[in-house]
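Colleague: Please take one close look at the aromatic contacts of this model, and then relate them to the parts around them. I would like the criteria spelled out as you go.

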Amino acid sequence: MPDKTQLEGEVYHPSAEVVAQAHIKDWEAIAEHARNDLQGFWAECADELEWYQKWDKVLDDSNKPFFKWFVGGKVNIVHNCIDRHLKTWRKNKLALIWESEDGKEHRTFSYYAMNREVTRMANIIKSMGVQKGDRVTIYLPRIPEIVFAMLACAKIGAVHSVVFAGFSTDALQGRIEDSQSRLVITCDGSFVNGKVIELKRTVDEALKRCPSVENVIVIKRVGHDVPVDPLRDHWYHALSALPVANGKCPTEMMDAEDPLYILYTSGSTGKPKAILHTHGGYMVGTYATLKYVFDLKDDDRWWCAADPGWVTGHSYIVYGPMLNGATSFMFEGGPAYPYPNRWWQCVERYGITVFYTAPTAIRGLMRFGEAWPNKHDLSSLRLLGTVGEPINPEAWRWYHRVIGKSRCPIMDTWWQTETGMFMITPTPVVALKPGSGTRPFFGQEAEVVNENGDPVPDGEEGYLVLKHPWPAMLRTIYGDPDRYVKQYWSKYPGRYLTGDSAKRDKDGYFWIIGRVDDVINVSGHRLGTAEIESALVSHPAVAEAAAIGLPHEIKGTGIHCFCLLRAGHAPSESLAEELRQHVAQHISPIARPETVKFVDKLPKTRSGKIMRRVLKARALGMPEGDISTLEE
C-alpha cells in the first residue's frame, strides 16, 4: 500500500492490533504475487479446499469470453461447505444461529445438524424426480430452510434459482418460466414488520402460467390456512416424517464447470438476466474473498444482514461462511422493527464480531440518532462492512464512530451478481477513505475509461472495466449466450464492462459513482427502468411511461416516473397513487415509485428512444447536455 504520508484526503489507518491479528499483514506483497502469477495465486486458494479430483488447468481462456476455471477438476461445493467439516472438530461447531423477527424463536444448527437437515431436504427433492441439472425455484424468506434448500439442490447437482420473497406474482412467474423449473419450494407465509405476507398464494397465482412445475414443497412458517392442491402441493413437515427423507444421500460429484445456480438480475431491457454460476470457480472465489477481506477466524460470529434472495446472501450468508467453517447469524426481521435498536440487540445477544450490511440500512438507522445503538454493548464487533451501493462519507463516519466505536475498520465492498465475489475492496490492513472501496481484490485490475475505451486521467469519471477473468465470474446468461457477450464483453473487447461509472484518485483508490445503464439502484436492489415502465404501461390509463432514479436521503436512489395518459383518462392524485401501487404489485414494494408525474410528451430521440438523462437533468435543474438527437 502507499506510505501513510502519500495518501491524500481523509484517511483512516488500521490500528496495530488490527494488523497483528490479520490473515494478511502485507497487502502489497500478496497483490504483487497475484499480479505476477494470477493462476498460481488462485491455485493456492483452491488448494486450501478439497477436490475429488484435481484440475488439469487453472484457467482455460481459449474460447473468450467463455472462460473456464479449474478445468477437469471434480468437486461439489457442498462437500467443502459441510462434508469436509464433519471429519474435524468443526462438526460440533455452530454453523447457523437463527432468530425470528419477534425474538421469541431461536434455532441453532451445528455443522453435524446442518448435514442432517440438508440431507433430508436433498432426499425429499430427489423423491420429486429432480435430477442433476434440473432447475428448482426457491421462494422463501430469511428462515433456515432457505439455506437447507440451496445446499440440498447443490448436493444432488440440481440448479437452484432463488427468487427474493418480496417479488410479486409476475416477477416470480417470469423467473420460473425462464428457468423451466420442475419444482418450487416455498412456505405458507412470512413475517415482515409484524405483518404476514402470503407467499403460497403468490406461488399459486404464478403457477397458473407455469406448466413446467410438477411439485411444490410448502414449509409451515406462519401457520395460516392456505389452499393446497392435493396432486401438486406437499407439506414439508409431512414429507420429513417419511422413510424416504431420512436415509443417507451421497453428495454428487460435479465437474468444476457444472452449473451451481442461476440468479436473476435486472437489465436495461425489460427481461431480467439469468446469471449462471458454477461449482468450482465460484466456490474458490467466495471462500478466498471472505477469508481475506473479513479476516474470518474460528471464534468469529459472522452476520451478513442481507437476504439470501440476492447474490450477497448466496455468497456471504450461505456459501462463503460455510466454506470457511464459520458461525453465521441469520435474523428474520429488519433493522427497525419494532424499534430501531433491533439489530444492535442481536449484536449484543449473540456476540457478533463481524457485521456486513447495506448503506441504505445505515442511513435509515442514522435518522433515529445515537441513543438506540448506545443502549447496547457492541464491544464484540471487530470489523464492519458495507455492500450493495456506494456509501456516502457521512454515513461511513457515523457507522465507524457510533457502531464501530472508532476502532472497527469498514470493508466497503464493490461487486455484482455477475462477479459472484468482492471485486474492489479493502482488507483490514488497508488505509481507508470514507466512500471509497479502495483497490481491486488480489489478481484483478480495474480501469476507468472513456467512451472509446481509453483510460481517463485520475479524478475524472468514466466507465469502470475489469481487465482479468476471476474464478467466481458468471459463465453466461442462462439460455442466452449472445446476450452475455453483447452485454459484458462487446463494448471494450477483452475487458469486462461493469455497467458502473467510477473514478480513480491519484493514490489508486476507486470511487464508484453509480449505474450508467438504465438500471436504478434502490436500497441496494437493482431495478431495470424497462421493468418499471412495462408495469406502468400495463395499467389501462397509461399510454407511455419513463422511469428515472433521483437521489434519496435513505434509499440512495428513489424511483420517479413520468406518464402519458391514454385518451379518456385525466391526471389526478388518486390515479398517481393507484399507479404507484400498481408498480408495487407487479414487481415488488421495493419498486414503488416516489412520485408519478403526468406529462403531455416525453423527450425522445428521432429513433423513438426515451431520453431519460434529459428527464433526470430537468428534475435536478441541471444542464440537459447534447440534445441534438431529440425529436424537436
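**Aromatic contacts and their surroundings**

Modeller: Tyr484 has a relative accessibility of 0% and therefore counts as buried, a class that here means under 20% relative accessible area, with exposed meaning over 50% and partly exposed in between, for a 1.4 Å probe and protein chains only. The model is a predicted one, in which local features need pLDDT of at least 70 and side-chain atom pairs count only at pLDDT 80 or more, whereas totals for chains, interfaces and linings use all residues. Residues are numbered from 1 along each chain as its sequence is written, and side-chain values use heavy atoms, with hydrogens and water left out.

A search of the whole structure gives 43 aromatic pairs, where the rings of Phe, Tyr and Trp (its six-membered ring) must have centres within 6.5 Å, and planes under 30 degrees apart are called stacked, over 60 edge-to-face and the rest tilted. Phe66 and Tyr484 make up a tilted pair, with 5.1 Å from centre to centre and 45° between the planes. Because Phe66 belongs to the loop between strand 1 (57-60) and strand 2 (68-71) while Tyr484 belongs to helix 16 (residues 481-488), this pair ties together parts 418 residues apart in sequence; helices (H or I, at least four residues) and strands (E, at least two) are DSSP runs numbered from the N terminus.

In the pair of Tyr316 and Phe422, the ring centres are 4.1 Å apart and the planes at 15°, so this pair is stacked. Here too distant parts of the chain are linked, since Tyr316 sits in helix 11 (residues 311-323) and Phe422 in the loop between strand 20 (410-412) and strand 21 (446-449), 106 residues apart. Tyr316 and Phe422 are both buried, and helix 11 is itself mostly covered, with 13 of its 13 residues buried. Just after helix 11, Gly325 adopts a positive phi of about 65°.

Returning to Phe66 and Tyr484, both belong to one aromatic cluster, together with Phe67, Trp470, Tyr488, Trp489 and Tyr496. Rings also meet charges: the charged end of Lys433 sits over the ring of Tyr509, 4.9 Å from its centre, and that of Lys491 over the ring of Tyr463, 4.9 Å from its centre, the criterion being NZ of Lys or CZ of Arg within 6 Å of the ring centre and within 35 degrees of the ring normal.

Turning to the cysteines, the whole structure has 0 disulfides by the criterion of two cysteine sulfur atoms within 2.5 Å. Cys187 is in none, and the nearest cysteine sulfur to it, that of Cys153, is 15 Å away; Cys187 is also buried, at a relative accessible area of 0%. Cys304 is likewise in no disulfide, with the nearest cysteine sulfur, that of Cys346, 14 Å away, and Cys304 is buried at 3% relative accessible area.

Finally, an open sheet of 8 strands runs in the order 12-11-8-6-7-14-15-23 with mixed pairing, two strands being paired if DSSP finds at least two bridges between them. The edges are strand 12 (233-235) and strand 23 (476-477), each pairing on one side only. Strand 6 (residues 135-138) pairs with strand 7 (residues 159-162) in the parallel sense over 4 bridges, and Arg135 stands opposite Val159 in strand 7.
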